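Visitor: I have a protein model to look at, and I would like to go through it by question and answer. Shall we begin?

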Amino acid sequence: MKVINLINMAELPAVQLSEDAQSELLEMCEQQFIHLEQLQNEIILCESDFCKNLQEQSVNRLMATEAEVKQWLAEEPKLLATNSEILLQAGKEEMLKLCSELEMILSCCEAKRDKLKETKELEQKWLEEKKRVLIAAKDHAEQLKMESEKSSKYNVLQDTKAKVQKMKEYQDKLMESLGDILEKHVPLPQSESSSSRKKKNTVAEITDDIISLSEILEILMNKVLNTPHDPYVLIDDTFWPPYVEMLLRYGIAVRHQENNLKIRLETFF
């Protein structure tokens, strides 16, 4: 390193140094070249004595490197020259070289700063666009949620209406089927002839006001639905006693505990 510094100093323009400084600088360069030749000769002589064992060569090189490191650490720094003119000129050259390198670093930093600034602006634009997209997506999601809730309520209402309609249709079918069954198997009683009346004195007299069994059941059901707190129906002449007896016997209707002329539909739940 010392030799390199001296060579650089020797390459300085001659007009910048006095004759005494130039002669001193040349003398120092000659001394360093002589020392360099001696070191080179010693290295050549040492290479001939190297053993062929690669492992031993590595060990020797490691030991030599460690010794050189210790020598450099123990050695105190010395001036390249004692002449102040030479040192001043060398310092100027080093400062100029350092300024040039710093200018290159500054130019690179400025270019990198401009690039980062441009990248920052692009990232900010991208961020603003994403924010607008996010706000629009939230608004759209909220709108869809509200529409879904409205649609859900509307669907529930429509489903309820459809179920109620189905129940009504099913009830109508049941009532129609019940009426058909009662009309077929329990028809409205007909008036008996005078001869049969004489033979059956115990049978209740049949009038034209008697209602059918299906009508009796309908009256009982409507009474339970309309006035559940008072479900009893008063038995009158329109209720044929055999119909009433049949309803009571098969557990379809029950009498009032205090008034035998009242009946109600049995509770099936």
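This is a predicted model: local features need pLDDT of at least 70, side-chain atom pairs count only at pLDDT 80 or more; totals for chains, interfaces and linings use all residues.

Visitor: How many disulfides does the structure hold?
Guide: A disulfide is a covalent bond between the sulfur atoms of two cysteines. Here the test is a pair of cysteine sulfur atoms within 2.5 Å. The closest cysteine sulfur to that of Cys108 is in Cys109, 6.9 Å away, so it is too far for a bond. For the structure, the number of disulfides is 0.

Visitor: Which class does Cys99 fall into?
Guide: Cys99 has a relative accessible area of 38%. Therefore Cys99 is partly exposed.

Visitor: How many helices and strands does the protein have, and in what order do the elements run?
Guide: Helices (H or I, at least four residues) and strands (E, at least two) are DSSP runs, numbered from the N terminus. The protein has 7 helices and 3 strands. From the N terminus on, the order is α-α-α-α-α-α-β-α-β-β.

Visitor: What percentage of the residues is buried?
Guide: The protein has 269 residues. The buried part of them is 15%.

Visitor: Which residues form the negative surface patch?
Guide: Patch residues have over 30% relative accessible area and no salt bridge; like charges are joined within 9 Å, and nonpolar side chains (Val, Leu, Ile, Met, Phe, Trp, Tyr) within 5 Å. One member, Glu183, lies in helix H4, residues 84-185. Glu183 has 60% relative accessibility, so it counts as exposed. The patch is formed by Glu169, Asp172, Glu176, Asp180 and Glu183.

Visitor: What is the area of the nonpolar surface patch?
Guide: Met95, Leu98, Leu102 and Ile105 make this patch. Leu102 lies in helix H4. At 47% relative accessibility, Leu102 counts as partly exposed. The patch area is about 380 Å².

Visitor: Which residue forms a salt bridge with Arg113?
Guide: A salt bridge is a side-chain nitrogen of Lys or Arg within 4 Å of a carboxyl oxygen of Asp or Glu. A search of the whole structure finds 1 salt bridge. In the bridge of Arg113, the closest N and O atoms are 3.6 Å apart. The partner of Arg113 is Asp114.

Visitor: How far apart are the C-alpha atoms of Pro241 and Ile210?
Guide: Pro241 is in helix H7, residues 241-249. Along the chain, Pro241 and Ile210 are 31 residues apart. Their C-alpha atoms are separated by 9.9 Å.

Visitor: What is the C-alpha to C-alpha distance between Ile219 and Val233?
Guide: Ile219 sits in helix H6, residues 213-226. In sequence, Ile219 and Val233 are 14 residues apart. In space, C-alpha to C-alpha, the distance is 8.0 Å.

Key. Residues are numbered from 1 along each chain as its sequence is written. Side-chain values use heavy atoms; hydrogens and water are left out. Buried means under 20% relative accessible area, exposed over 50%, partly exposed in between (1.4 Å probe, protein chains only). Accessible areas come from the Shrake-Rupley method with a 1.4 Å probe; for residues, only the protein chains shown count as cover. Lys and Arg count as positive and Asp and Glu as negative; His and the chain ends are not counted. The place of a charge is taken as NZ of Lys, CZ of Arg, CG of Asp or CD of Glu.
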